[in-house]
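This report covers one protein chain. Please read it alongside the sequence and the model.

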Amino acid sequence: MKQKNTVTVAIPAHNEAENIGNVLDILLTQKYSKVKLEEILIYTDGTTDNTIDIVKEKAKQHPVIKLVKGKTQHGKFYRLNQIYKANKSDVLIVLDADIGIKDKEYIEKFAMTIISDKKAMLAAGHELPILPKEFIGRVIAGTYTMWDYVRFSVPNYDNVHNIYARATAYRGSFAKDLYIPDKATEERLYLYLMAKQKNGFRYAKNAVIYYLPVSTVYDYIKLTERAFGRPQPAVNELVG
């Protein structure tokens, strides 16, 4: 009997007490027929709320959940680099803690994007916004929807704007070679270019998560400050 490919799910988390329990509950009810889930790892980053307590309580009941506690806040890139280095599974799936997951075959669908394509190194999950109740929030969400029409028109979805990094899947051997530069301003460009060097970027449209878009003008402006368009010397130095 052919051995199943192994999968690890990792979640970097700062103060995520509001939703981390929901995400873990959904992950624990996932169904698998083609892959084997090895671990669900929560990497905390200087957490000051009760995120750790929630994870510990879940881990008592479900040994597949493991807590990797970071006492000092170093930021998401630091935790991602830890996750990449430590992974031993055939496929690594990294999720944000503030998302919703559509179905009970999500992890398997996402993992199979990598497993079924030998050249695939990195896959981005399909992200759908939850429509806010506020008028301004709906207007902002409308801009997201309009932008989706643009970015999804690219053949094979092969474009840097199709990776938002709330949900990413990696071939294990590829993840081992990743290290987000210390001075990078955001991870998406780095990840896309590293995969693109191997023609290994894929878009997993059947692996759907939900997210809450920003709902105020202030938050929208802050978000745009993180968008592409700024110089990234650390990434330029790495990939040219």
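## Two asparagines in loops

N199 sits in the loop between α7 (187-196) and β8 (201-211). Helices (H or I, at least four residues) and strands (E, at least two) are DSSP runs, numbered from the N terminus. The model is predicted: local features need pLDDT of at least 70, side-chain atom pairs count only at pLDDT 80 or more, and totals for chains, interfaces and linings use all residues. Residues are numbered from 1 along each chain as its sequence is written, and side-chain values use heavy atoms, with hydrogens and water left out.

N199 is not a glycine, yet its phi is positive, at about 55°. Its relative accessible area is 44%, so N199 is partly exposed. Here buried means under 20% relative accessible area, exposed over 50%, and partly exposed in between (1.4 Å probe, protein chains only). N156 also has a positive phi, about 60°, and is not a glycine. N156 belongs to the loop between α5 and β7. With 69% relative accessibility, N156 is exposed. Most residues other than glycine have a negative phi.

## Overall form

The protein chain holds nine helices and eight strands. Along the principal axes, the C-alpha atoms fill a box of roughly 45 × 40 × 35 Å.

Of the 240 residues, 47% are buried. The chain exposes about 12700 Å², and carbon and sulfur atoms supply 54% of that area. Accessible areas come from the Shrake-Rupley method with a 1.4 Å probe; for residues, only the protein chains shown count as cover. Among contacts (heavy atoms within 4.5 Å) with a separation of 6 or more, 83% join residues 24 or more positions apart.

## The sheet

What is the order of the strands in the open sheet? The eight strands run β3-β2-β1-β4-β7-β6-β8-β5, with mixed pairing. β3 (65-68) and β5 (100-101) stand at the edges with a single partner strand each, so one side of each has no neighbour in the sheet. Two strands pair if DSSP finds at least two bridges between them.

β1 (residues 5-13) runs parallel to β4 (residues 91-95), joined by four bridges. β1 and β2 are also parallel, over nine bridges. A10 faces V94 in β4 and has L41 as its bridge partner in β2. T6 stands opposite K36 in β2. Burial is marked in both strands: eight of the nine residues of β1 are buried, as are seven of the ten in β2.

## Strand β7

β7 is antiparallel to β4, with five bridges, and antiparallel to β6, with three. V91 stands opposite R171 in β7. A124 has T168 as its bridge partner in β7. Five of the five residues of β7 are buried, so the strand is largely enclosed by the rest of the structure. A167, A169 and R171 point one way, while T168 and Y170 point the other way.

## Helices on the sheet

Helix α2 (residues 51-61) lies across β1, β2 (35-44) and β3, at about 145° to β3. Helix α3 (residues 76-86) lies across β1, β2, β4 and β7 (167-171), at about 160° to β1. Axes are lines fitted to C-alpha atoms, for helices over the stretch in contact, and angles run from 0 to 180 degrees between N-to-C directions.

α7 is mostly covered, with seven of its ten residues buried. These are E187, R188, Y190, L191, Y192, M194 and A195. Their cover includes α3, β6 (122-129), β7, α6 (172-176), β8 and α9 (233-239).

## A buried arginine

Is R166 buried or exposed? R166 is buried, at 19% relative accessible area. R166 lies in the loop between α5 (135-151) and β7. Its side chain makes a polar contact of 2.3 Å with the side chain of E127. A polar contact is a pair of N or O atoms within 3.5 Å; within protein, one must be able to donate a hydrogen and the other to accept it, and residues adjacent in sequence count only if both atoms are side-chain atoms. Leaving aside neighbours within four places in sequence, R166 is in contact with V94, L95, D96, I99, E127, I209 and Y211.
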